[in-house]
Amino acid sequence: MPINQQASPENCFHCGLTVTTGDQFCAELNGKQAHFCCPACKAVAITIVDNGLSSFYQFHEANQQAPDALWDEAVFAAFDDQAFQQRYISHSQQSPDIAQVQLLIGGMHCAACVWLLEHYLLKLPAIEKVSVSLTEQKAVLHWRLQDLPLSEICRSIATLGYQAEPYSQNQLQELRQRENHQALRRLGVAGIGMMQVGMFAIALYAGALQSMALEYRDFMRWVSFLVATPVVFYAAQPFFIGAWRGIKMKSPGMDLPVALAIGLAYLASVKATWLGGGDVYYDSVTMFTFLLLTGRYLEMRARHFGGRLTTDLNSLLPSTVLKVNTAGKAESLPLFKVSVGDTLLIKPGQIIPADGSVLEGSSSVDESQMTGEFSLQSKAVGDDLVAGTCNGSGVMTLLVEAVGADLKLQSINQLLQTAQSTKPVIARMADKLASYFVVSVLLLAVATYSYWHFIAASDQAFWIMLSVLVVSCPCALSLATPAVLTAATNRLRDLGLLVTQPYVWEKMTTITDVVCDKTGTLTKGELAISTVLIQANLSRQQCLDIAAALECYSEHPIAKAFVGQPKEILPVNDIEVTHSAGLQGVINGETYRLGSGDFAALLYGDAAASLPSDAEQGQWLLLSSTKGPVCWFRLQDSLREDASALIAGLQSQQLQVHLLTGDASGAAQQLSDTLSIDHCTAGATPEQKLHYIQQLQANGAKVLMLGDGINDVPVLAAADVSVAMTNASNLAKTHADSILLSGRLMGVMQLFNVAAKTRKIIQQNLAWALSYNVLAIPLAAMAMIPPYLAAIGMSLSSLVVVINALRVQRKALQPVSDNTLPPVFEGVAANG
Amino acid sequence: MIELTLGSAFIIGLLGSSHCLGMCGGLSSVLGAAPKEGANRHRIFSYNAGRLLTYTVIGAVAGLLGEALLAAIPQSAVVLRTVAGLLMIAMGLYVSQWWMGLTRLEQIGAILWRAIQPLTGKLVPVSNHRQAFMLGTLWGLLPCGLVYSTLSWALASAQWQQSALLMLAFGAGTLPAMLSMGYAGEKLLQRLRQPRFRSVAGLLIAVMGVVTLATPFYHSGHIDHSEHTHHQHHDM
């Protein structure tokens, strides 16, 4: 309905309805020609205007927007606004023309809606991928933005009868509140109706026994009719809408049998009431509605509870920030106006509003939002800050490096979305089963009625058919898997572990071998130079400068040890990186190599380099030139606190643990011995690592690879499941099935535990859903389930599934209890 | 006549009031009783009391006319009933905006309204309950297809008490919507005016019209206990 009704000739000037009678009723009001739908409107309008109250129409107009107008053109157009899109739409790194958006979908209430939306949206041109989550009431779309504007998508969703708007936590809250209120209202109407009609029904049954006078019986029936009518048309509305939607899309969902049962029982009753004969079923109509709505309401509450953990940046981040302007003064600015390169002032206790690095000042930051790790991280000049984390007690200025959809926390969400966008095989099978299911139930209902009516000649045939329609619950079947997976993903996200691939859940339970990388994985990867042994005629600083210049081309954790060491930045030419060996480059006309002793020694012609004899054991790097060795650096790394607990935990689960590292020094073997790792392979090149994994797999092992996710990409990819230990800054470069952001190795144990639990609960859910339907439907067809029990059974069966799924999310789920583990290995392990 | 009961009249009023909402939509502002204006909103009761009084009176008048007609020509009962049924169907189509035939009837009524309209001038803008009540009695005579159709029922039932009550029940059916204007949020009112709702309401009214037409034939072979039901509802 256009907002300006007075200007458009097709709407009645007075009441705003569409004028379908042409120019029949016109009048001149205040010098303007006005159209009316009927003489009455015309008469009223003339009366009002003649009495000098034409201002009434100005007041009137503002209130004339129908609820549909909430979703009118202006709103949809806003979806295409540039600033709006910057906030909500992100572009994938692999193919920049594919845009991704999260939409909040209102009006979804069961797995059939999910199916419907996914299939409908995939039929639209330009849409690449769609995944709809019922628990989060969210749809994630990947599509070609230039071919199809966002407004167009939202409009198509609206024509399906759902509301779509870009996702934000506030809007989700609002939507949930709205749905909650509406559900309670419907439930109230159904409940009161059920009680009233129930009382009349008792009177009617009693009357039937004592041969009640017809006029009293009819009176009772009429009153029941009056009470049941709003229950059917208002309270039971969602079932009818759902059923109609399903028919329209030629994919009948679980609403269809229910709507049929309610509709048929109501019509049969109205007919009996009107004609004064036959049976009335008002009591069952209201009872069905009430019980099914109760089930749905409880299920909705459970879903709302389950979906609350998603991180939503738009509600997390402050709406205004303090920007340091060119004059050095801080001024307040709305967040969406901040752009890359701005300098922001971060006060104590403030949420960091954008990704960037510390420009001035220092503080400690709570990054639990990001990593699940609650201890404060100290930040100094140059350190990375991540939007959404919380500043401690210091004051800092932040140089903005990313805003909007490019934020790191956003890419975490995106990774999680991808994981949830592909359904595991088992869920796809359940979905398929559920869609055949409804048709079978309808056929079965017809068969049941035919049998009881024609062959058994029972007057109960109608009842029995109603039971069959109501008792079946395909919903439990399609909910069984996705509900559990969402809960499990949320649970791990809470612990700082991102699961990015859906097959992780299926494969985790088959793992037999765990292969760990060393540096940055079992150790902290924070290497420091502990000893410098100079072999040539150079100062210590000169050696460090050359090494640092070379290492700035490496992404290996070793490189970090050299950051901050050089006095001057030397230019490097012809840089060459050799995996797990070292680097080579030309500085000031001299060729240098930095890396393992053997690699560096080759430059000056020696096959092997020898350490000075007085040197202690550890991880040594050699810097060499074409003339000979230049300098030895000894690097030291510390073991992660829980590395020992992890290895012990894995072994207690009968898993073979392998240490596979490129480090050729004795440190690897030493570490392996300390941690009593089953197999140790040191000094492996990436090719050898890959071969090692493939060899294991060829022998029938299922391998979980734990690495840093950046240097081990091909190895990680070869493993059945890969877990990367990484921090947020490297997230974009990380390729792994799951990512451990917390830096706590025990997260891997959690992954094993949650995966096992997830699998168990999925099996339980599917078993429950299948056996419920397989048992209940034949029993109902055999007239052994009265309709009220059928309604209770159906409501309970989907409720059981959702509540069971939520068990995964419970905090009580602890990994291995501590007393089964040896005391946590402490102290610095062998070097590296 | 099983279906010409007070209950049905009430339901017709209820279903038809989606139309009334548009008609009398911003009326509360004319009454100075917009929800914001607090105490004045009670004027809506006086206004509706006046309107219902008018309906009751014209119902009684129609009933008397019906009685007189029936006394003179007993066969006219069938004709009156058929007209009532047809008008009811027309009303259904009118409420759902599928066929606006009733507007012809309204045009005839509009002639009458022209005589009444000047009287409203003295009452608007309303400043007290008496004026609101008076405005209600006049506004009840608006050329309204709904009122006319229900009036044809009153005519067909041909008993002045029953006819008056029928019209009162019809008016009472419109009350929930009309009274809510001063109180309920605009949202609810707008929802009632959605095309979908109007279609359903119109359809139901039309079905009642069809039944009105069909019932005499249907019941011809049955024991007619409609009189009992009839009196039953009197007692309500």
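This note goes through the predicted model of chains A and B point by point.

1. Conventions. Residues are numbered from 1 along each chain as its sequence is written, while chains are lettered from A and ligands numbered from 1 in the order in which they are written. As the model is a predicted one, local features need pLDDT of at least 70 and side-chain atom pairs count only at pLDDT 80 or more, whereas totals for chains, interfaces and linings use all residues.

2. Confidence. The model has an ipTM of 0.71 and a pTM of 0.54. Chain B averages a pLDDT (the predictor's confidence in each residue, from 0 to 100) of 75, with 73% of its residues at 70 or more. Within the elements of chain B, the highest mean pLDDT, 88, belongs to helix 3 (residues 43-72) of chain B, and the lowest, 41, to helix 11 (residues 226-234) of chain B. The pLDDT is below 50 over residues 220-236 of chain B, and this stretch has 17 contacts in the model beyond near neighbours in sequence. Two residues are in contact if their C-beta atoms, placed from the backbone, lie within 7 Å.

3. Make-up of chain B. Chain B contains 11 helices and zero strands. Helices are DSSP runs of H or I with at least four residues, strands are runs of E with at least two, and both are numbered from the N terminus. Of the 236 residues in chain B, 52% are buried; that term requires 20 or more other C-beta atoms within 10 Å of the residue's own, with 12 or fewer making a residue exposed, anything in between partly exposed, and C-beta atoms placed from the backbone. For contacts in chain B between residues at least 6 apart in sequence, 83% join residues at least 24 apart.

4. Make-up of chain A. Chain A holds 27 helices and 29 strands. Buried residues account for 47% of its 832 residues. Among the contacts in chain A with a separation of 6 or more, 67% are between residues 24 or more positions apart.

5. The seven-stranded sheet. In chain A, seven strands make an open sheet with mixed pairing, in the order 17-29-28-27-18-25-26; two strands pair if DSSP finds at least two bridges between them. Strand 17 (497-499) and strand 26 (679-681) of chain A are at the edges with a single partner strand each, so one side of each lacks a neighbour in the sheet. From one strand to the next the twist averages 20 degrees. Three bridges pair strand 25 (residues 656-660) of chain A with strand 26 of chain A in the parallel sense, and Leu659(A) has Cys680(A) in strand 26 as its bridge partner.

6. A helix on that sheet. Helix 24 (residues 686-698) of chain A lies across strands 18 (513-516), 25, 26 and 27 (703-707) of chain A, and runs at about 155 degrees to strand 27. Such angles run from 0 to 180 degrees between N-to-C directions, with axes fitted as lines to C-alpha atoms, for helices over the stretch in contact.

7. The six-stranded sheet. A second open sheet in chain A has six strands in the order 9-8-10-16-11-14, with antiparallel pairing. Its edge strands, strand 9 (330-334) and strand 14 (384-385) of chain A, each pair on one side only. Strand 11 (residues 355-361) of chain A pairs with strand 14 in the antiparallel sense over two bridges; here Gly356(A) has Leu385(A) as its bridge partner.

8. Strands 21 to 23. Strand 21 (residues 582-587) and strand 22 (residues 590-595) of chain A run antiparallel and are joined by six bridges. These two strands form a hairpin with two residues between them, and Asn588(A) in the turn has a positive phi of about 50 degrees. Strand 22 of chain A is also joined to strand 23 (residues 619-625) of chain A, antiparallel, by four bridges. Gly595(A) in strand 22 stands opposite Gly582(A) and has Leu622(A) in strand 23 as a bridge partner.

9. A helix pair. The axes of helix 16 (residues 461-471) and helix 27 (residues 787-806) of chain A come within 8 Å and cross at roughly 5 degrees. The two helices are therefore roughly parallel (angles under 35 degrees; over 145 is roughly antiparallel, 65 to 115 roughly perpendicular and the rest oblique).

10. Lys129(A). This residue lies in strand 5 (residues 127-133) of chain A and counts as partly exposed because it has 17 C-beta neighbours inside 10 Å. Lys129(A) and Leu141(A), 12 residues apart in sequence, are 5.9 Å apart from C-alpha to C-alpha.
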